[in-house]
Amino acid sequence: MSSIKSSVSKTSVITDFKEITKMGLSISVVFSAIAGYLLGAYTISYTTLILLALGGYFMVGASNAYNQIIERDLDALMDRTKSRPIPSGRMSVNTAFIIATAFTVLGLIALYKINPKTAMWGAISIFLYTSVYTPLKTKTPLSVFVGALPGAIPFMLGWVAARGEFGIEPGTLFAIQFFWQFPHFWSIGWFLYEDYEKGGFFMLPTGKRDKGTAIQIIMYSVWTVLVSIIPAFGFTGDLKLSIVGALLVFLLGMVMLAYAFRLYKQRTAKTAKQLMLSSVFYITMLQIIYVADKFLG
């Protein structure tokens with residue numbers, strides 16, 4: 001009986017650890033960073049790749065843990081977050097803080113071992129997310145704009161890890177992921193509107209699920225697609241994209257844009273969720289296409 005309890009306890013600890021660091025989100029960020037690294041690298045260093053993956057995971061995990069500490073009382077009010085480790089009482093604030101702090105230190109060390117600029121951007125990301133974006137979420141819809149800044153860093157971070165410098169190439173990668181986040185997060189804010197309202201979060205640009213919000217989602221979807229194909233025109237230094245690659249990215253963008261227009265017409269939670277899923281598919285496939293285009297082109 002005691003062995004069963006011990007097994008359940010270990011499973012619970014692992015599950016809580018995954019939730020406090022948002023493992024799924026953290027892994028997706030690592031994926032973006034690795035894609036950026038592969039695009040920027042002259043030759044691939046597996047040591048750098050491992051450090052980037054570890055550092056990226058630690059930094060995002062730390063940001064998420066700090067976020068859940070700060071928002072623990074609000075998380076308790078929302079259906080989708082009330083079962084998180086802290087509001088449910090399964091994890092103390094002190095434990096979460098120790099995890100967040102340890103992850104911050106380990107993340108910065110790992111990224112600094114790559115080069116100082118990578119560590120600097122990692123530190124900027126965690127600061128903006130926890131100290132600016134998180135407090136603004138209950139005050140203004142502009143919080144999404146602020147949150148898009150640290151959210152856009154991972155793709156760019158990989159290039160900086162490869163080259164040790166910031167320029168037009170990582171700037172373009174930053175812009176792609178920056179504009180992409182608006183249709184992505186506004187679609188989430190749309191289909192989780194009632195739940196966010198319980199916590200007092202302002203996620204939609206007009207504050208409502210209306211045509212104004214839908215129009216802005218369409219506009220930012222268009223900007224995302226346009227920025228994504230700029231490397232095909234030779235304006236972005238060493239970051240290049242073939243005509244075939246640009247066409248594939250453009251077609252992917254048209255799919256996402258079609259869902260954005262569908263949201264404008266129907267304005268339902270279902271269509272918002274479809275847009276969110278299409279946006280995830282878009283950014284994932286874009287990064288795969290960019291990398292494949294470099295190595296196969």
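At roughly what angle do the axes of helix α6 and α7 cross? In this predicted model, the axes of α6 (residues 116-136) and α7 cross at roughly 170° and come within 9 Å. Since angles over 145 degrees count as roughly antiparallel, the two helices are therefore roughly antiparallel to each other. The crossing in which α6 passes α7 is left-handed. On the α6 side, the contact is formed by S125, L128, Y129, V132, Y133 and L136. The residues of α7 that take part are S143, V146, G147, L149 and P150.

Helix α11 spans residues 211-229, and its axis lies 9 Å from that of α9, with a packing angle of about 155°. That angle makes α9 roughly antiparallel to α11. Here too the handedness of the crossing can be stated: α9 passes α11 in a left-handed crossing. The residues of α9 that meet α11 are T172, A175, I176, F179, W180, F182, P183, W186, S187 and W190. Their counterparts in α11 are T213, A214, Q216, I217, Y220, S221, W223, T224, V227 and S228.

Aromatic side chains were examined next. The model contains 17 aromatic pairs. Because F145 belongs to helix α7 (residues 143-151) and F182 to helix α9 (residues 168-191), the pair ties together parts that are 37 residues apart in sequence. The two partners can also be described by their accessibility. F145 has a relative accessibility of 40% and so counts as partly exposed, whereas F182, at 2%, counts as buried. Both F145 and F182 belong to a cluster linked by ring pairs, which also includes F174, F178, F179, W186, Y220 and W223. Among the members of this cluster, F179, F182 and W186 are also found on the α9 side of the contact with α11, and Y220 and W223 on the α11 side. A further arrangement involving an aromatic ring places K137 over the face of F201, at 4.8 Å from the ring centre.

Backbone geometry was considered in the loops. K22, although not a glycine, has a positive phi of about 50°. This residue lies in the loop that connects α1 (2-20) and α2 (23-40), and its relative accessibility of 22% means that K22 counts as partly exposed. R267 is likewise not a glycine and has a positive phi of about 50°. Its position is the loop between α12 (243-266) and α13 (269-296). With a relative accessibility of 34%, R267 counts as partly exposed.

The loop between α10 (193-199) and α11 contains K208. At 53% relative accessibility, K208 counts as exposed. When residues up to four places away in sequence are set aside, K208 touches Y193 and T213. K208 and Y193 are separated by 15 residues in sequence, and their C-alpha atoms lie 8.5 Å apart in space. The other partner, T213, is one of the α11 residues that meet α9.

Conventions:
Residues are numbered from 1 along each chain as its sequence is written. This is a predicted model: local features need pLDDT of at least 70, side-chain atom pairs count only at pLDDT 80 or more; totals for chains, interfaces and linings use all residues. Side-chain values use heavy atoms; hydrogens and water are left out. Rings of Phe, Tyr and Trp (its six-membered ring) pair if their centres lie within 6.5 Å; planes under 30 degrees apart count as stacked, over 60 as edge-to-face and the rest as tilted. Helices (H or I, at least four residues) and strands (E, at least two) are DSSP runs, numbered from the N terminus. Buried means under 20% relative accessible area, exposed over 50%, partly exposed in between (1.4 Å probe, protein chains only). A charge sits over a ring if NZ of Lys or CZ of Arg is within 6 Å of the ring centre and within 35 degrees of the ring normal. Axes are lines fitted to C-alpha atoms, for helices over the stretch in contact, and angles run from 0 to 180 degrees between N-to-C directions. Angles under 35 degrees count as roughly parallel, over 145 as roughly antiparallel, 65 to 115 as roughly perpendicular and the rest as oblique. A crossing is left-handed if the near helix is turned anticlockwise from the far one by less than a right angle, and right-handed if clockwise. Contact means heavy atoms within 4.5 Å.
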